[in-house]
Amino acid sequence: MVSIKNKWNIRCLGDHALVFSLPALINEKIANQLLLLNHFISNKRFSFIKDLIPAYHTLTLIYDIETLFTFLQKNNFTLQSWAEKMIADFEVAHPSYLHLETKKIIQIPVCYDTIFGIDLENIKTNNKISIEEIIKTHFENIYTVYCLGFLPGFTYMGIVNEKIIHPRHSQPRAKVIAGSVGIAGAQTGIYPTNSPGGWQIIGRTPLQIFDRHTSKLALFNTGDQVQFYPISLEEFHSINQHEM
Amino acid sequence: MSIQIHKQGLSDSIQDSGRYGYQHMGIQVNGCIDYLSARLANTLLQNDIENPVFEIHFPASSFTFLSAQIICITGANFVPVLNEQSIPLFTPIQMNAGDCLQFLQPLDGRTAYMAVKGVINCEEWLDSYSFTNRRLQKNEEFSIMKESADSSSLLNNTKTAFLENLTHKVQAHLQNHLPIRIIPGPAWNTLEANSIQQLLHGHFEISSQANRMGFPLKGPVLFQQKSEEPLSSAVTRGTLQLLPSGELIVLMADHQTIGGYANLGQIILVDLPRLAQLKKESPFTFSLVNVEEAHQIYLKINEWFKH
């Protein structure tokens, strides 16, 4: 159990961003606090906020300098005093926010056939574990989405059981196919589009997890709970949403 | 009513002030890497300062005008020629149907902008015309949406004192040889003392690998007291990352939203256009600035654009 009371840290990221952070751990409770803070600040709809980006133990706020200054002067704040007030107000409002989100678990089909799981052999050799056990270990866990990044819709999830923790390839592949499910250290993730990449690929989902033409854009949000379930090659092809 | 890409350049695109509000989904901001030259081009044409513009690198695209347009070129001087006659930068120019605009050589600067009077008609997605890796293609055509007002007055030979002054100030800012200013970041204190000295006093150059995503730098190799990979968090334009090899990279407009390399600091917003105009063989140095100063400099430069 990590105690996070009074552990908030606020710092500037250059001249146009502010970072709220908690201790640097991959921890669901910490990630949750940052999501609640994200929710709390974004609901206030400050005109100077251009982006709010949660990732693991940080929430980064990108601001427009000119709009921010108009706001600070009008309300008699400095950037520091405003940020501190946000945290103080958040801590007070907190209890009413705690139960706001009922977490649903998003179920994601994955075909772990070695046609797609091109690094299963790799992990089998290095981690001295059977392919069946790698697969079972991967889909038994429920993962938290800690952030989206790298590519539009790319999902960083964690954390995988230590039996299947494996570092990235030292030399990234030139092309990883869209839908590929991979492992990097204790993280697992899905490639939304074809891209170069260094994660250890263990399977592929037939679902399209990012579509720039839909209003939702990404299938996942930071904070979502995700569980994978195994499907056969036949099932993969019958669901396949990727452009061939 | 359109402009056609006659010859395709190496990496030219349409950019505006970028796409904000979607970085939490991993969607990059994009936008002009020299926002000052882009604003200047739009201001000289009395466009909205955030209108999309053509961002041009060398070897540059050439353009055929299929209808009369008024254009203005700012930023780098790639020696623009209209039907083989050289034309000035920072000046509204009348283009007629059939005219061909070429850029001959990279005389000065790294990034040129061409604004067109009106709005370039191109795909808009999530409130921006900017995209990652969408280069201008040969034969691609862009129509121009015109406002109703008569724009012939733009072509008067004399610039107003305001525009004259603005052009002068922007150019003086972009071309000065003062250090590039950085605000120290979370990994600053992880550097070895000697590396801090080298970062503050050494000479750096932009590597030939530079692109809109990031500018890798050539210069002294820097070392951390102990190398630790920080948990990934948001990065932003101007983030100065230390790679495991000890080399530096400055993140530019097409940067990824999240980064896991050591973050040594942030180049201040107003100095990114200066970096975007530095040629690869031009050495530069860094100096430190604090957030309050950076804000004041940014606000002062914004004032230049206001009547």
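**Strand pairing in a predicted model**

Trainee: What makes strand 15 (residues 214-218) and strand 18 (residues 248-251) of chain B a pair?

Mentor: Three bridges join strand 15 to strand 18 of chain B, and the two run antiparallel. Strands pair if DSSP finds at least two bridges between them, so these two qualify. Phe215(B) stands opposite Val250(B) in strand 18.

This is a predicted model: local features need pLDDT of at least 70, side-chain atom pairs count only at pLDDT 80 or more, and totals for chains, interfaces and linings use all residues. Residues are numbered from 1 along each chain as its sequence is written, with chains lettered from A and ligands numbered from 1 in the order in which they are written.

Trainee: Why do strands 14 and 21 of chain B stand at the edges?

Mentor: The open sheet has seven strands in the order 14-15-18-17-20-13-21 (chain B), with mixed pairing. Strand 14 (205-206) and strand 21 (286-288) each have a single partner strand, so one side of each lacks a neighbour in the sheet.

Trainee: How do you know that strand 6 (residues 143-148) of chain A pairs with strand 13 of chain A?

Mentor: Two bridges join them, running antiparallel. Tyr143(A) stands opposite Val226(A).

Trainee: How many bridges join strand 5 (residues 105-111) of chain A to strand 13 (residues 225-231) of chain A?

Mentor: Seven, and these strands run parallel. Cys111(A) stands opposite Ile231(A).

Trainee: What counts as a helix or strand?

Mentor: DSSP runs, numbered from the N terminus: helices are H or I, at least four residues, and strands are E, at least two. Chain A has six helices and 13 strands.
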